[in-house]
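Here is a short briefing on one protein chain.

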Amino acid sequence: MTVLLPAGIAGCATVAASSANLGPGFDSLGLALALYDEISVETTSGATTVDVEGEGQGQVPAGFDNLVAVAVRRGLEVAGVQAEGLKINCRNAIPHSRGLGSSAAAVVGGLAAANALVSQTDLPQLSRERLIQVSGEFEGHPDNAAAAVLGGAVVSWTEEAEARAVPGYFAAPLRLHPDIRLFPCIPEVRSSTAETRVLLPAQVSHQAARFNVSRAALLVLALTERPDLLMAATEDVLHQPQRAPAMPASARYLQLLRRNGVAAVLSGAGPSVLALTNGADLPAEVVEFADEHGFTATEVAVGDPVCWRSDVIVGPQENRR
């Protein structure tokens, strides 16, 4: 039996950006970054509306088919709850279409906001394991979503459906080495994951697969215990070279960073580049390139796990604390 929430129940969620793949860990490794979207939701007796401030303002749907709204409804459905209408406010800091997990953040944030509503009933909230499963169903792989749910670095995997109606999506956290510093380099141009994924071949050679398996295994070690191995560990032959023609400035920047001894990777499907250093600043040459070619290269901390609560609404500008 589904519980209908009364109007006036409110909650909010905060969710981090994420960088997937990290070079060789295609659709498997992810890392949360301390850029956050804030989502508030209130049940209403009317239509669903979505107000967006910051990234995506005036560019994403403002009603029922907004991705956050879809995720909130899905979270309520899984929990056995529904609402007649929703008033959603999104205050976004995660850049859209830059390879920083904005879609995953919208899904995870929406599910977490649903948890905030469910917490005010007698029904159980979705566990973090369930959040990974449900959010993974949206994109078909859980790398970005798992990082947004768990925070920090994660390794994720998919188990094909057998008795289940859908595949199983899972993830486990990695303890990121404290010396690793993160520099997302974000360009002004945008890119679509769907458009760049079609550039990838349907099949790869055993040699290429063997290379990436070894580097992905090495990357887990580099991220957790041996950051001195980051350069070798972030090498990739399965997706970054294939995507390079679609984002030439990012490809050039990636090469420049690596020539200067910085372990840099394409962030997700790009066009952002993520630089990881073993305690060092970015070299002056790559900082100058960023300034000259429209990249914002700023150090960020590791992102926190998604959080939700039922006592605060993130509203219009004049209502912020």
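What percentage of the 321 residues in the protein chain is buried? Buried residues make up 50% of the chain. Keep in mind that this is a predicted model.

**Overall fold**
- The protein chain holds 10 helices and 13 strands.
- Its C-alpha atoms fill a box of roughly 60 × 50 × 35 Å along the principal axes.
- The radius of gyration is 20 Å, which agrees with the value near 20 Å for a compact globule of 321 residues.
- Among contacts with a separation of 6 or more, 75% join residues 24 or more positions apart.

**Helix pair α1 and α2: geometry**
- Two packed helices are described by the angle and the distance between their axes.
- Helix α1 covers residues 67–79, and helix α2 covers residues 102–118.
- The two pack at an angle of about 45°, with axes 7 Å apart.
- The crossing of α1 past α2 is right-handed.

**Helix pair α1 and α2: contact residues**
- From α1, the contact takes in L67, V68, A71, V72, R74, G75, L76 and A79.
- From α2, the partners are S103, A106, V107, G110, L111, A113, A114, L117 and V118.
- The residues of this contact divide into 13 nonpolar, three polar and one charged.
- Arg counts as charged, and R74 of α1 is one of the contact residues.

Note on methods:
Residues are numbered from 1 along each chain as its sequence is written. This is a predicted model: local features need pLDDT of at least 70, side-chain atom pairs count only at pLDDT 80 or more; totals for chains, interfaces and linings use all residues. Side-chain values use heavy atoms; hydrogens and water are left out. Axes are lines fitted to C-alpha atoms, for helices over the stretch in contact, and angles run from 0 to 180 degrees between N-to-C directions. Helices (H or I, at least four residues) and strands (E, at least two) are DSSP runs, numbered from the N terminus. A crossing is left-handed if the near helix is turned anticlockwise from the far one by less than a right angle, and right-handed if clockwise. Contact means heavy atoms within 4.5 Å. The radius of gyration is taken over C-alpha atoms; the globule rule is 2.2 Å times the number of residues to the power 0.38. Buried means under 20% relative accessible area, exposed over 50%, partly exposed in between (1.4 Å probe, protein chains only).
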